[in-house]
Amino acid sequence: MTPSDLISLWNLNLPHATTSAPFVRLLSENQLPDKNFDTWLFNDFLYVRCGTFFLARLITSTPDTHPIKSAQLIPAYEVLKRELEVFREKALARNITLPKISSADPDFAAESAKATLQILGELVEHSAKGCTDYMKFMTETLLDEKKVHWSTLLTVIWILEKVYLDVMVHVRDSPAFDQGADEVLKDFVRWWANDEFSAWVDALGEAVVELREGEESGFNEEEAKWAAREVVMWERGFWDIATEGLDV
């Protein structure tokens, strides 16, 4: 089985969170108003900060014996910290004032040791409701309330990053976007729409498939499928934050 096969088996309906989202359609057609893109950027900056904490928790819960930990997850923590800086750079270029929030700890273990409330407390002060609810699902629900298996956390990361990859490649390859968007915006899209990110998403998907087929991995299919479906719903809702008020 391939990762694509698993997505089909679970009926995840990724187009709901990718090409069918008004945000994605308008961005790919180079028709998304600047203020709406800025709303997305502002909230995604907060979400990525929360995602850094989520990834740290995943890393510390992943067995040292599984190669995904050292080969993919720990390096990804460094990438996410850099991604926060990219958001700051793009916000500055677009004259967006981002909120002052604490930085992710350089050490993923120290970041993982923080309490959910410590992370969420400063983020939800600034985020839109769709972003707030998504961050709470990622932390209060998955990490604290349900305490899902680490392979479910890995599934969540795979699906949400798969959504970002599919969206940004779709936007990048749109003729209208390519011909009309400014270089700052194109460069931001290329942060995700590239071969390196694609290979990383593929590696995550392959690891999930392997865990699902392993007899002693502890993989809980119903739990992982439920979480993956929830992520698709939350991702679509996140895009919709930035199209509120538009006739779409």
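A polar atom in the side chain of T18 lies 2.9 Å from the backbone oxygen of L14. This is a polar contact (N or O atoms within 3.5 Å, one able to donate a hydrogen and the other to accept it; sequence neighbours count only through two side-chain atoms). The model is predicted, so local features need pLDDT of at least 70 and side-chain atom pairs 80 or more, while totals for chains, interfaces and linings use all residues. Residues are numbered from 1 along each chain, and side-chain values use heavy atoms, without hydrogens and water.

T18 sits in the loop that joins helix 1 (3–9) to helix 2; helices are DSSP runs of H or I, at least four residues long, numbered from the N terminus. With a relative accessible area of 5%, T18 is buried (under 20%; exposed is over 50%, partly exposed in between, with a 1.4 Å probe and protein chains only). Apart from neighbours within four places in sequence, T18 is in contact (heavy atoms within 4.5 Å) with V24, V163, D166 and V167.

N30 is not a glycine, yet has a positive phi of about 55°. Its relative accessibility is 33%, so N30 counts as partly exposed.

Helix 3 comes next. From its first C-alpha to its last, helix 3 reaches 40 Å with 28 residues, close to the 40 Å expected at 1.5 Å a residue (1.5 Å times one less than the residue count). Helix 3 is mostly covered, since 23 of its 28 residues are buried.

Two other helices pack on helix 3. For helix 7 (residues 129–145), the angle with helix 3 is about 10° and the axes are 10 Å apart. The two helices are therefore roughly parallel. On the helix 3 side, the contact is made by N43, L46, Y47, C50, F53, F54 and R57. Helix 7 brings C131, Y134, M135, M138, T139, L142, L143 and D144. Of the residues in this contact, 11 are nonpolar, two polar and two charged.

Helix 12 (residues 221–241) packs on helix 3 (residues 34–61) at about 140°, and here the axes are 8 Å apart. Helix 3 and helix 12 are therefore oblique to each other; under 35 degrees counts as roughly parallel, over 145 as roughly antiparallel, 65 to 115 as roughly perpendicular, the rest as oblique. T39, W40, N43, D44 and Y47 of helix 3 meet E235, F238, W239 and I241 of helix 12. This contact has five nonpolar, two polar and two charged residues.

R172 belongs to helix 8 and, at 31% relative accessibility, counts as partly exposed. A polar atom in the side chain of R172 is 3.1 Å from the backbone oxygen of A193. Leaving aside neighbours within four places in sequence, R172 is in contact with F177, D178, V189, A193 and N194. The C-alpha atoms of R172 and L98 are separated by 25 Å, with the two residues 74 apart along the chain.

Technical notes. Axes fitted to C-alpha atoms, helices over the stretch in contact; angles between N-to-C directions. Nonpolar A, V, L, I, M, F, W, Y, C, P; charged D, E, K, R; others polar.
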